[in-house]
Amino acid sequence: FGIGSDGLILIMPSDQADAKMQMYNADGSESEMCGNGIRCVAKYLVDHGICDPPSLRVETGAGILALDVFQQNGKVHQVRVDMGPPKLAPEDIPIRLPGEAVEQVIDIPLQLEGHSLMATCVSMGNPHCVIFVDTLSDELVLGLGPRIEKDPRFPSRVNVEFVQVRSRSEVHQRTWERGSGETLACGTGASAVCVAGVISGRTNRELTNHLRGGTLFLEWSQETNHVFMTGPATEVYSGHWPN
């Protein structure tokens, strides 16, 4: 919430959309997309007069995404992002599974350090492993998160979401992000959680997701198959990088 970050986003011109974003994790690796980051990009573009509200399109490593911005006192305070359709086939996530081929990766068993976990995997342009648990804990997130991120079954590594279900329309999430460690929120992860909750039979298509950094609202449209994410964007500080 102050100076510093768990990632770096570059905003550049695009010949296909209003702007292009390039996302880097804390370890310097490049990520295809960042759900929280793209809301910040939208706020920057509109608040600085680069793009006009209420709608804009941003080019990302996961394709071109459409966004709607909502203003208050002349500044963007909420952004709704069309995250596109989820990818559920194992080869699209990607995940390598031994044995018989499956169309979707739903509640596959993971045995790690005495923990018996069930994982549901989704790609939202980047890979996610969603694990529903009874209680969220540091032991799970900080202990098992890095192990799962680099598990050989995930050839591109993976983002790991640990999720506690409060009701069919409300969850709590903690995330171990690929290349960054635990972060306060993850927009693509929250979108993956919405999809994973539906396909595993745990939650509805409309979901309120409480993360350590705030709350996101998700909807997986049955009509379009697209996931929509709505959440805040706030400027905390500004500075100048020396040449």
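Student: Where is the place of Ile 3 in the chain?
Tutor: Ile 3 is in the segment before β1 (7–12). Strands are DSSP runs of E with at least two residues, helices are runs of H or I with at least four, and both are numbered from the N terminus. The model is predicted: local features need pLDDT of at least 70 and side-chain atom pairs need 80 or more, while totals for chains, interfaces and linings use all residues. Residues are numbered from 1 along each chain as its sequence is written, and side-chain values use heavy atoms, with hydrogens and water left out.

Student: Why is Ile 3 called exposed?
Tutor: Its relative accessible area is 76%. Exposed means over 50%, buried under 20%, and partly exposed in between (1.4 Å probe, protein chains only). Ile 3 is therefore exposed, since 76% is over 50%.

Student: What makes the nonpolar surface patch?
Tutor: Phe 1, Ile 3, Leu 184, Val 236 and Tyr 237 make this patch of about 600 Å². Patch residues have over 30% relative accessible area and no salt bridge; nonpolar side chains (Val, Leu, Ile, Met, Phe, Trp, Tyr) are joined within 5 Å, and like charges within 9 Å. The areas come from the Shrake-Rupley method with a 1.4 Å probe, and for residues only the protein chains shown count as cover. Ile 3, at 76%, passes the area limit because 76% is over 30%.

Student: What makes the largest nonpolar core?
Tutor: That core has 41 residues, and Ile 38, Leu 56, Val 58, Leu 67 and Val 81 have the most contacts inside it. Helix α3 (residues 187–199) gives the most to this core, with seven residues. The name means a set of buried Ala, Val, Leu, Ile, Met, Phe, Trp, Tyr and Cys residues joined through side-chain atoms within 4.5 Å. Apart from this core lies another, of 21 residues, among them Leu 112, Ala 119, Leu 140 and Phe 154. In soluble globular proteins, nonpolar side chains tend to be buried together.

Student: Which residues does Leu 67 touch?
Tutor: Leaving out residues up to four places away in sequence, Leu 67 touches Ile 38, Ala 42, Pro 54, Ser 55, Leu 56, Val 58, Val 79, Arg 80 and Val 81. Contact here means heavy atoms within 4.5 Å.

Student: How do you know that strands β5 and β6 pair?
Tutor: Two strands pair if DSSP finds at least two bridges between them. Strand β5 (residues 63–72) and strand β6 (residues 75–82) have seven, in the antiparallel sense, so they pass the test. One of the bridges joins Asp 68 to Arg 80 in β6. The two strands form a hairpin with two residues between them, and Asn 73 in the turn has a positive phi of about 55°. Strand β6 is also joined to strand β15 (residues 227–232), by five bridges and antiparallel; there Val 79 has Gly 231 as its bridge partner.

Student: What makes Arg 157 worth a look, starting with its phi?
Tutor: Arg 157 has a positive phi of about 60° although it is not a glycine. Most residues other than glycine have a negative phi, and most peptide bonds are trans. Arg 157 is found in the loop between α2 (138–149) and β10 (159–167).

Student: Which peptide bond to Pro 54 is cis?
Tutor: The bond from Pro 53 to Pro 54 is cis, with omega near 5°. Pro 54 is in the loop between α1 (35–47) and β4 (55–60). Another cis bond joins Ile 93 and Pro 94, with omega about -10°.

Student: Why is the pair of Arg 157 and Asp 27 called a salt bridge?
Tutor: The closest N and O atoms are 3.5 Å apart. The rule asks for a side-chain nitrogen of Lys or Arg within 4 Å of a carboxyl oxygen of Asp or Glu, so this pair qualifies. Glu 149 counts as buried because 4% is under 20%.

Student: How many salt bridges are counted by this rule?
Tutor: The count comes to eleven. Lys 43 and Asp 47 form one at 2.7 Å, N to O; both lie in helix α1, four residues apart, about one turn of the helix, and both are buried.
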